[in-house]
Amino acid sequence: MQQVRRLISFCNISFILDIKALNTNLLNSTTLNCLKITFFLIKMLVGSSDPVFAVAGEDVILPCSVKPNISVVDMRVEWFRLDLKDSVVHVYEDHVDKNTDQSQSYRGRTKLNHQELQRGDASLKLASVQFSDEGRYKCFIQITTECSSSSSVAVVGHPPVITVDGFGHSGGLHLQCQSEGWYPEPDLEWLNSEGVSLSSETTETHRNADRFSVKHTVTIHHSDKIHCRVKLRHHMLEALIITTNVFWV
């Protein structure tokens with residue numbers, strides 16, 4: 001069974017949950033200030049500034065907290081999807097979870113830590129992450145005015161694999177690099193030992209269900225250390241092949 005990873009970063013709290021096929025474009029988390037009129041203090045609802053990785057089928061924490069730390073036990077906390085209509089993910093109010101209107105796909109899979117609410121932490125635990133969880137999320141804490149934050153989630157594919165595909169008429173060595181299971185489509189590039197980018201001769205991209213596979217080729221004419229690098233937002237996987245003189249003997 002193929003593993004699937006997702007990247008999740010949260011902050012006002014809106015997030016984009018992109019789901020792919022292994023281990024970050026994502027929205028950068030943003031922090032919005034909220035004025036608590038009663039005490040004339042500035043409160044900020046914050047999330048993670050970096051993507052959070054999760055493996056499909058496992059649990060993930062969607063960060064959401066108030067800074068400076070104040071108790072939100074007596075406040076209303078809502079988690080919902082922005083990209084779907086009537087998509088309630090989790091609701092807390094009057095010291096209890098109120099999930100009678102919760103979307104069916106999230107039933108039994110969401111949980112707030114009520115003890116952490118005393119410290120201003122309204123992070124949501126989402127169990128058994130699924131491809132259908134992909135989307136834009138928002139965390140809302142009703143202080144006096146609402147706060148929210150943006151973030152993104154993505155899934156990274158398999159590490160790239162470099163194969164030797166014979167020689168060309170010019171005597172150059174053909175190399176092929178391929179990686180599968182990404183979402184959205186990643187960038188692939190070749191680099192030499194000095195970090196200089198090499199132009200790919202052919203490029204192929206295929207999409208199968210929720211995943212992308214990429215394949216690029218390049219021709220090398222002398223010994224060198226050749227890197228194949230696949231990047232998705234802030235995440236990168238890389239493979240290396242050392243071409244020696246034995247290839248041209």
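The protein has one helix and 24 strands, where helices (H or I, at least four residues) and strands (E, at least two) are DSSP runs numbered from the N terminus. This is a predicted model, in which local features need pLDDT of at least 70 and side-chain atom pairs count only at pLDDT 80 or more, while totals for chains, interfaces and linings use all residues. Residues are numbered from 1 along each chain as its sequence is written, and side-chain values use heavy atoms, with hydrogens and water left out.

The pLDDT, which is the predictor's confidence in each residue from 0 to 100, averages 75 for the protein, and 71% of the residues score at least 70. Over residues 1–16 the pLDDT is below 50, although the model gives this stretch 148 contacts beyond near neighbours in sequence; a contact means heavy atoms within 4.5 Å. Residues 18–43 also stay under 50, with 134 contacts beyond four places in sequence. Where pLDDT is low, the predicted coordinates should not be read in detail.

Leaving aside residues up to four places away in sequence, Val77 touches His90, Val91, Tyr92, Leu112, Ala122, Phe140 and Ile141.

Strand β22 (residues 211–220) is mostly covered, with eight of its 10 residues buried. Strands pair if DSSP finds at least two bridges between them. Strand β18 (residues 173–182) runs antiparallel to β22 and is joined to it by eight bridges, and Cys177 has His216 in β22 as its bridge partner. Strand β21 (residues 202–208) also pairs with β22 in the antiparallel sense, over seven bridges; here Thr205 is partnered by Val214. The hairpin of β21 and β22 has two residues between the strands, and Ala209 takes a positive phi near 60°.

A further set of pairings involves strand β23 (residues 224–232), to which strand β19 (residues 187–191) is joined by five antiparallel bridges. Nine bridges join β23 to strand β24 (residues 235–243), again antiparallel, and Arg229 has Glu238 in β24 as its bridge partner. In the hairpin of β23 and β24, two residues lie between the strands, and Arg233 in the turn has a positive phi of about 55°.

The structure holds two disulfides, defined as pairs of cysteine sulfur atoms within 2.5 Å. In one, the sulfur atoms of Cys64 and Cys139 lie 2.2 Å apart. This pair links distant parts of the chain, Cys64 in the loop between β7 and β8 (65–67) and Cys139 in β14, 75 residues apart. Cys64 and Cys139 are both buried. In the other, the sulfur atoms of Cys177 and Cys228 are 1.8 Å apart, and the link is left-handed, with -85° about the S-S bond. Cys177 lies in β18 and Cys228 in β23, so the pair ties together parts 51 residues apart in sequence. Cys228 is also the bridge partner of Trp190.

Technical notes
Buried < 20%, exposed > 50% of the residue type's maximum accessible area, 1.4 Å probe, protein only.
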